[in-house]
Amino acid sequence: MAARIKRGDRRDGVWLRDLDPMHGIMPLIYPNRADNEAFIQEQIDLTNLNAYLAKKTESDPEFKYTYLHAFVAALVRTITLRPRMNRFISGGRIYQRNHIACAFTMKKSFSDDAHEALWFRKFGDEDNIDRIHQCLKEDITNLRKSEVTDNTTDAMAMILKLPRWVLKIVMGILFYLDRKGKVPYDLVREDPNYATVFISNLGSIGLNACYHHLSNWGTCSIFFVLGQKHMVPFYDEAGNVEMREVMDIGITLDERIADGFYYSKTIKILKHLLQNPELLEQAPTEEVKL
């Protein structure tokens, strides 16, 4: 039997009732997610990750292990170990999400006129990089079939058929329900704005990592951008220089869900996992020694 939802809780999260006064009052003073963004930019040394992905791809050359697999695995592991990163704010309350979900948009083909598809997947305590690779293999293969669409895209297409004046009323009702956590599940089941983290792989289309805004719709508190890989010089203590391949990443956070110290350690864990990628084969719940 499913656990009974307490008054004030939502189907996707538990209302945190005993927060310290500073964090408890912030959603009331600063009610909009898009007005409370903190942006962090980091650089990942790809030396070890490139070698690791090349070796892993030998086991499945038809569907390569890519940066996306590694970053999703690292994010799932990091958020599992740093649960405050899986909080969201809605209707003036802070909630602890009861699952980890990652989402991204993808072009069905690389052309200006190609349609975009939405990918949304929940992950659990056993989802290491190999399980995530298999999930992505199945999902992306299905999404790239022209006849397959996600339920959120279908819902948007249906709503857009309404007359403009009716559409405005419907959207007003939906935003009200969104604040209450009552939007019909079939409308948002695969909506990336309801994920823990929304990922954008700009490097795959030749763009650098950059800031991306959050949205006041939904519950997503983290937007994660992968940039284009490039070469930079690394210097050792003796002043010797070595050129290495790196990737810039941009992370936009809802600053109300945690504090700067918590974010700092979270980023250190994420970078450590990506620069020591063999750790991604472990279960997400296993602690990371820095």
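Q: What makes a space in this predicted model a cavity rather than a pocket?
A: On a 1 Å grid over the protein atoms alone, a cavity is a set of points where a 1.4 Å probe fits but cannot get out, whereas a pocket is an open set with protein on both sides within 12 Å along at least five of seven lines. By this rule there are two cavities of 30 Å³ or more. Local features in the predicted model need pLDDT of at least 70, side-chain atom pairs count only at pLDDT 80 or more, and totals for chains, interfaces and linings use all residues. Residues are numbered from 1 along each chain as its sequence is written, and side-chain values use heavy atoms, with hydrogens and water left out.

Q: How do you know how much space lies in the largest cavity?
A: A volume is the space filled by probe spheres set on the points, which are joined across faces, edges and corners, and for the largest cavity this comes to about 100 Å³.

Q: What makes a residue part of the lining of the largest cavity, and which residues line it?
A: A lining residue has an atom within 4 Å of a point, and those of the largest cavity include L75, M85, F224 and L270.

Q: Why is Y30 called partly exposed?
A: Buried means under 20% relative accessible area, exposed means over 50%, and partly exposed lies in between (1.4 Å probe, protein chains only). Y30 has a relative accessible area of 42%, and is therefore partly exposed. Together with I25, L28 and I29, Y30 forms a nonpolar patch on the surface.

Conventions
Patch = residues over 30% accessible without salt bridge, like charges linked within 9 Å, V, L, I, M, F, W, Y side chains within 5 Å. Areas by Shrake-Rupley, 256 points an atom, 1.4 Å probe, with all protein chains shown as cover. Salt bridge = Lys/Arg side-chain N within 4 Å of Asp/Glu carboxyl O.
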